[in-house]
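Let's take a walk through a protein model, one feature at a time. Have the sequence and the 3D view open while you read.

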4 protein chains.
Amino acid sequence: MHFASDNSGPVPQQVLDALHEANTGHVMAYGADPLTDEVTGLIRDLFEAPNAAVHLVATGTAGNALALSTLCQPYQTVFCTPCAHIHMDECNAPEFFTGGAKLTLVPGDDRMTPEALRHAILNEGNRGVHGPQRGPVSLTNATEWGNVYDPDQIKALAAVAREFGLPVHLDGARFANACVALGCTPAEMTWKAGVDVAVFGGTKNGLMGVEAVIFFDPAQAQSFELRRKRGAHLFSKHRYLSAQMAAYLRDDLWRGLALRANTACARLVDGLRDAGFGFANDPVANMVFIRMPRSVHQRAMAAGAVYHIWEGALEGDDPDEILTGRLVCDWSTSDAEIDAFLTVIGE
Amino acid sequence: MHFASDNSGPVPQQVLDALHEANTGHVMAYGADPLTDEVTGLIRDLFEAPNAAVHLVATGTAGNALALSTLCQPYQTVFCTPCAHIHMDECNAPEFFTGGAKLTLVPGDDRMTPEALRHAILNEGNRGVHGPQRGPVSLTNATEWGNVYDPDQIKALAAVAREFGLPVHLDGARFANACVALGCTPAEMTWKAGVDVAVFGGTKNGLMGVEAVIFFDPAQAQSFELRRKRGAHLFSKHRYLSAQMAAYLRDDLWRGLALRANTACARLVDGLRDAGFGFANDPVANMVFIRMPRSVHQRAMAAGAVYHIWEGALEGDDPDEILTGRLVCDWSTSDAEIDAFLTVIGE
Amino acid sequence: MHFASDNSGPVPQQVLDALHEANTGHVMAYGADPLTDEVTGLIRDLFEAPNAAVHLVATGTAGNALALSTLCQPYQTVFCTPCAHIHMDECNAPEFFTGGAKLTLVPGDDRMTPEALRHAILNEGNRGVHGPQRGPVSLTNATEWGNVYDPDQIKALAAVAREFGLPVHLDGARFANACVALGCTPAEMTWKAGVDVAVFGGTKNGLMGVEAVIFFDPAQAQSFELRRKRGAHLFSKHRYLSAQMAAYLRDDLWRGLALRANTACARLVDGLRDAGFGFANDPVANMVFIRMPRSVHQRAMAAGAVYHIWEGALEGDDPDEILTGRLVCDWSTSDAEIDAFLTVIGE
Amino acid sequence: MHFASDNSGPVPQQVLDALHEANTGHVMAYGADPLTDEVTGLIRDLFEAPNAAVHLVATGTAGNALALSTLCQPYQTVFCTPCAHIHMDECNAPEFFTGGAKLTLVPGDDRMTPEALRHAILNEGNRGVHGPQRGPVSLTNATEWGNVYDPDQIKALAAVAREFGLPVHLDGARFANACVALGCTPAEMTWKAGVDVAVFGGTKNGLMGVEAVIFFDPAQAQSFELRRKRGAHLFSKHRYLSAQMAAYLRDDLWRGLALRANTACARLVDGLRDAGFGFANDPVANMVFIRMPRSVHQRAMAAGAVYHIWEGALEGDDPDEILTGRLVCDWSTSDAEIDAFLTVIGE
């Protein structure tokens, strides 16, 4: 009953096999190997973007921070939601990599609205040299609250960004989960909707630690490789990143893994709904934020369930107080685990 | 005949096995897993440093830059050699991670002398607030030229640093090759000789990408974890770093791999010496800088040998001009490859 | 009728005289002159802080950004209000000087409440290495909205900071105006209330460009001089900063200037109140935020009044819409100007 | 007998008068005042550069660091001499403002040669993403050793920079002294010789603290104003910088002041030469590096002369050891002071 994070599970056998397969002979380091070229080609095909600049990094934070630093000057500000990973969970990495840019929090929930975005943009960059200048708009899909923007919603936000000449960054740590939930293509979720640079996440969806940063206009990627190197994120034995990503792309493994995670989550959601509990999000991807009484959370955890309380504190006097817990499924979450959890909370 | 780099070879089967073994079930992310604890213990044991702070990162540049940023204020300068990896090959990563510190190049070769170091230190930090203040001394062992400092040499350099109250950083990308060449213990090469923080490299010696950063005084490591996170170098699926490092430490695999690399290099060196060529370094570890006529280099490369010309240009009019080539052996370099190379250059 | 800013007026004759008087012979540069020593002594006396570290800079932003960078690590966050000058009007200078720290906006108005501060602190720094760590609390007095914290209010906020071991910074661009409005001593407004570092502003109160940064615990100022130098804020001909500050301190000129500005503002406030308009702040210092219909603002500006509309837009269809204008008085604002303005708006 | 620095003397009466004259009424802050416009026009005229972007700052380090940060990416390196002020005397300000760029020291003396520059450029930027990329070339005129590049020498260096597409920065802390020594126009010393951005220094030549940063191609200045603001170098009461610079430009005051300084230095040089001492520089501007026995330096200082020993240590056993002292003249250095010094050393 481990629902703490999609960072907690194992990787599928295909990934181990790919590492094994790649582990032969000498190849040139730093990405000058054939497997890396192959990955570039596979991603361009998948995204229907034959000219895209594609670079691999090992952490999602690296993908986000490097991509933003390429698009954002140090005297600018990035527009994001108050719960954005780049704001909440990267220990100032965006500020570090951009050389001191600011993050402007667009008021609202985890899904930005075009109105709130336009308002926030208008409010910034209107004080001449005194305030920060307007910089990139950063979206997350699926969001940190497990919600999903559909392509039209992204298009509407990107249109606002375009009005002001601002580029759009997509944090895709759970890109696959969103894509599968939406039933759309990667292109529809990104450049066709106005996204300039996407981080196509692999780590949370079954890789050991690989993300692809994709610039749809390669001119925007000009400094990325240098920033990756000086950020110490260029792997010498790059083939081991490429091998994982190649496995992820072959036979649509990435889609299959996300489908398993989303399906597991749906099973969990159904059970929770049947048990009469409410949700703090629209759990169409692989995370559910469940609103249950403290006593139920306590019983679940006592029985061995592992997950985070997102709102409220597990310890407290009132057993009936409603606390929000975050449960995350990954490709390896078993029906048995889910059913065991549902049994515990249903008791 | 691939001698381009110790970044080019495969990893030993034990590493793949360890990844396979670690790939089971759910564990807490970001290093809060039992395997990571085990690795910390193994490294403390190996280094006879029960209180050391130990952190894993995936690239050597990350290890160096993060370690230096922990020890060096932005208004200070790091003392290193003109050929130091941190100066030559990290695209300003030390400047980036320290927030703009300087590197002061201590004149001389790849092995700093105590006299040159003292002179450089005296020359800096004597202009009040106008110049940079004195910061860490950074050594590399084995050096970028494949030479080795013995513990007494490190001790003498560290003693100079101590005179001025400066900490000592050791870039150990080829730590194992040096240690095996010296026949000393890791402790003798580090804290017993006055090193404050060592990067114990795994990547060049058979791992996919893992380095251990070891602070012998944990108080000095205070901000390291935060800097690692904001540098985007904290792995969520940390177990896959730990698994590799655990394999590396078990049964002294690290030592065995380095011994294989050094032994291969010795075979190469013997052959080159027999062929009458001179060396630009003292090739006791796994790299030889060989001085051969242009025509011989050209013949070798035409026959498929892969390595870098370090001094001079491969193309040129004079076939007899002596060029320095760098040949690197790793644990997987075969006798057959070496002998093939020796045959080609001996023709 | 120039009420645009207290940056717009001239300097009093005493300042010019002091520059003239200091302009004789050769003295050592970079602050190693007797006048600078005298200023240090005068400020220590004024603040009843015999051990304070005192440094002069030429801009308020430099004072704030350098002071914060001395107290705040790059992986921390500064707590301030949403309208703080450091957030709104310094073009990311705090982020730049701290090496990428974040600013956490404490919800509420221009005067932080202890409850809101505690809540904001509790919300940050509770995500381990993932989020930014808690850093300094930054207050402004008088605030950007011309309001004033009294010593008890500062004490209450500083007490919250102390609970969490956080230092307190005071942006004192309008320190004198607050101090005069409160009728308290500089010590009561700062270290006696728990402030660790104060920027004692001179520029907005009659100097050409001089601010004193005062660390009450000199140990906290350790790196300030180096940061000032590398920030390019150490003046070689430092005597001209010192001369201005010395004049400012002699005979309590600073207090007299602020009294004139506040008194002028009070005259303006009385007239506005008599004219039946409401205020968006509590105008006890030298700024009034006046709520008047668009048509009245338009008439005033057409008649030559110079000031900024703070909320709303001067152009618009509805002549009766209430817009908030900011009017600032300085030591040189004349009764005639005020009366002329009141006449215009009263027509 | 104060020859410590051209930072030590007073300012001429015209500067005080200009401050007095500018000190009337209210004007818009931050450079939006008529005097600032006038200064821009005067500088464009003086430099025969009608489109130049002109910005004032208060310190030479600010001018250099901000100009370089506008031209240099954080993953690049600046080419300068080993004795460049930006390297030796700015406490890492260039590294700070550029976000972590490196400085590559072009071997040789204070005046770079085209051959040495070309060699240094070729040596950098040839390691792909591993090393820093090539960035601006930075020259100082007059140099830190009081020597002067003539326009042809600058042209030859700029031509090398152009070969590689690199911009040229001129540190003109002693621009006027060089210009007067050369008898050339400001345009000949700058854009006509290939300089992209010049810092036209006023501080060392008689202002309290004002330097003009001049971009001959305004497109290169795009971010300068934002960088100046976030560097806390935009003065709110900007008129007091402009007033000084306006006075400096009117009636060629800048040239007259430099002429006085250079003439004073020539008198000193003549006397020293007559006394039989040798020089470590070619003292055509306002600094002489004089090689005299320790005993003579000691006698001079005992008699009250103030200057710095540049090479060697004043204290020492051997009275006959030759030490190099730096003597600097400014516009206010009197013949009497010089003669008194010559008398002392001639005794």
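Look for B:Cys91 in the loop between helix H4 (85–88) and helix H5 (93–97) of chain B. Helices here are DSSP runs of H or I with at least four residues, strands are E runs of at least two, and both are numbered from the N terminus. B:Cys91 isn't a glycine, yet its phi is positive, near 45°. B:Cys91 is also buried, at 0% relative accessibility; buried means under 20% relative accessible area, exposed over 50%, and partly exposed in between, using a 1.4 Å probe and protein chains only.

Now hop over to chain D. D:Asn92 has a positive phi of about 75°, and it's no glycine either. You'll find D:Asn92 in the loop between helix H4 (85–88) and helix H5 (93–98) of chain D, and D:Asn92 is buried at 0% relative accessibility.

## How to read this model

This is a predicted model, where local features need pLDDT of at least 70 and side-chain atom pairs count only at pLDDT 80 or more, while totals for chains, interfaces and linings use all residues. Residues are numbered from 1 along each chain as its sequence is written, chains are lettered from A and ligands numbered from 1 in the order in which they are written, and side-chain values use heavy atoms, leaving out hydrogens and water.

## Cis peptide bonds

In chain B, Asn141 and Ala142 are joined by a cis peptide bond with omega about -10°. B:Ala142 sits in the loop between strand E4 (133–140) and helix H7 (151–163) of chain B.

A:Cys72 is buried, with a relative accessible area of 2%.

## Two domains in chain A

An automatic or database domain assignment sets the domain bounds, and for chain A it gives domain 1 (13–253) and domain 2 (255–345). Their centres, taken over C-alpha atoms, are 28 Å apart. Where they meet, 20 residues of domain 1 of chain A are in contact with 20 residues of domain 2 of chain A, contact being heavy atoms within 4.5 Å.

There's one salt bridge between these domains, meaning a side-chain nitrogen of Lys or Arg within 4 Å of a carboxyl oxygen of Asp or Glu. A:Asp252 forms a salt bridge with A:Arg255, with the closest N and O atoms 3.7 Å apart.
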